[in-house]
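This report goes through one protein model, from its core to its ligand shell and its domains. The sequence and structure are shown first.

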Amino acid sequence: SLQCGIVGLPNVGKSTLFNCLSNAKAQSANFPFCTIEPNVGVITVPDERLNKLAELVHPEKIVPTTVEIVDIAGLVKGASKGEGLGNKFLANIRETDAILHVLRCFDDDNITHVDGSVDPVRDKAIIDTELQLKDLETIESRYQRIYKQAQTGGDKQAKVMLNVLTAYKEVIEKGENARVVTFDSKEELKAAKELCLLTAKPVLYICNVDESSAVDGNAYVEQVREAVKDEDAEILVVAAKIESEIAELETYDERQMFLQEIGLEESGVNRLIKSAYKLLDLETFLTAGPMEVKAWTYHKGSKAPVCAGVIHSDFEKGFIRAEVIKYEDYIEYGSESAVRDAGKIHIEGKEYIVQDGDIMHFRFNV
Ligand code: GDP
């Protein structure tokens with residue numbers, strides 16, 4: 001399953017955010033280092049279409065797709081040199097598909113700031129520097145050997161890797177993140193991916209604001225916006241503390257009511273998932289049958305066999321064709337047989353590019 005790692009300095013609101021995102025409850029206290037083990041939580045991805053379909057299909061169960069969230073605590077200045085609990089956590093980040101970088105954008109004299117004052121742009125730079133130093137280590141450890149290989153053997157792969165390493169080294173040494181580098185050739189992209197650099201991962205900056213700034217943000221948020229404008233990154237404004245309280249409420253209606261009271265139409269979780277999907281170029285296809293109505297996550301632009309493989313690798317190997325119903329058609333005609341009678345089931349082959357909301361039925365050889 002897809003995994004996002006939450007990073008940020010101590011006391012910026014990571015565990016609070018984690019609490020309001022996941023069903024698991026992480027400890028949160030006004031004390032740096034309170035979350036010492038990386039906590040893993042699971043978010044079910046809200047999708048209205050699942051419920052609408054279930055009303056027609058009456059399945060035994062509804063299964064939403066999920067995203068895993070890992071709370072990576074303990075990143076402080078010096079983490080890349082093993083200070084605090086840094087090094088271990090940097091290793092955790094490497095495993096994730098995307099980074100949620102939480103920035104403290106709220107004032108509160110009762111909440112200690114590890115660097116003495118509230119300054120999200122400085123905080124971002126501290127974390128970035130630690131990640132960059134780790135990336136430089138990764139680059140250095142490859143560089144010598146690859147350099148020799150590229151020089152002597154005329155090894156094509158080594159030459160590609162050397163180009164990639166050099167391009168990354170150049171920007172990181174200037175204090176920029178690896179993600180600002182773009183590669184054109186397939187070979188370079190592959191080499192870049194293999195390196196798994198921390199600052200090359202897609203990032204979503206989460207500005208944690210107080211309740212009164214939940215809707216419009218505040219001056220801190222504007223500073224962050226200005227600071228990241230050249231990065232290919234998104235910003236999300238979340239009032240984690242109040243939202244974590246709202247998340248504790250029993251019913252959906254109660255939660256909606258309280259959200260509206262602070263001026264929000266949608267919870268931070270929903271907004272975060274939408275942003276993460278956009279950031280990672282993800283979409284959802286559906287399957288519907290009497291056993292279950294289920295949502296599946298795939299990379300935008302994937303062809304039918306690859307999506308079949310999301311369900312089971314055998315489906316991909318033995319792929320014959322896909323029967324596709326457009327979500328709107330299913331809702332309009334009310335059942336699979338009615339859609340069939342209307343001639344609205346599309347038979348698609350190996351080259352079909354699956355679209356968000358497609359209801360898929362795969363035919364395959366075993
Ligand atoms: P972490 O160390 O980054 O995981 O930070 P925590 O989530 O443990 O938060 C540290 C403290 O800040 C806790 O006491 C939270 O209740 C508090 N906190 C988190 N978000 C906000 C916020 O938006 N406003 C205020 N006033 N306090 C917050």
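Leaving aside residues up to four places away in sequence, Cys 207 touches Leu 103, Cys 105, Pro 120, Gly 217, Tyr 220, Val 221, Val 224, Ile 235 and Val 237. The model is a predicted one.

Cys 207 is also one of the residues with the most contacts inside the largest nonpolar core, together with Ile 6, Leu 17 and Ile 206. That core has 87 residues. Helix α5, residues 156-173, gives the most to this core, contributing seven residues. In soluble globular proteins, nonpolar side chains tend to be buried together.

## The shell around the ligand

The ligand is surrounded by 20 residues, and the closest are Gly 13, Lys 14, Ser 15, Thr 16 and Lys 241. Two or more residues of the shell come from each of the elements α1 (14-21) and α8 (240-247). The most is given by α1, with three residues.

By class, the shell around the ligand holds nine polar, seven nonpolar and four charged residues. In the UniProt record, an unreviewed entry, the annotation "binding site" covers Asn 11, Val 12, Gly 13, Lys 14, Ser 15 and Thr 16.

Where is Gly 13 placed? Gly 13 sits in the loop between β1 (2-7) and α1. Gly 13 counts as buried because 27 C-beta neighbours lie inside 10 Å, the cut-off for that class being 20 or more. Not counting residues up to four places away in sequence, the residues that Gly 13 touches are Val 102, Arg 104, Asn 208, Ala 240 and Lys 241. Lys 241 is also among the residues closest to the ligand.

With 24 other C-beta atoms within 10 Å, Ser 15 is buried.

## Domains and their contact

The domain assignment divides the chain into domain 1 (2-44 + 66-114 + 201-279), domain 2 (129-199) and domain 3 (301-364).

Conventions
Residues are numbered from 1 along each chain as its sequence is written. This is a predicted model: local features need pLDDT of at least 70, side-chain atom pairs count only at pLDDT 80 or more; totals for chains, interfaces and linings use all residues. Domain bounds come from an automatic or database domain assignment. A residue is near a molecule or strand if its C-beta atom, placed from the backbone, lies within 6 Å of it. Helices (H or I, at least four residues) and strands (E, at least two) are DSSP runs, numbered from the N terminus. Ala, Val, Leu, Ile, Met, Phe, Trp, Tyr, Cys and Pro count as nonpolar, Asp, Glu, Lys and Arg as charged, and the others, Gly among them, as polar. UniProt positions are given in the numbering used here, feature names are shortened, and annotations may be inferred rather than shown by experiment. A residue is buried if 20 or more other C-beta atoms lie within 10 Å of its own, exposed if 12 or fewer, and partly exposed in between; C-beta atoms are placed from the backbone. Two residues are in contact if their C-beta atoms, placed from the backbone, lie within 7 Å. A nonpolar core is a set of buried Ala, Val, Leu, Ile, Met, Phe, Trp, Tyr and Cys residues joined through C-beta atoms within 7 Å.
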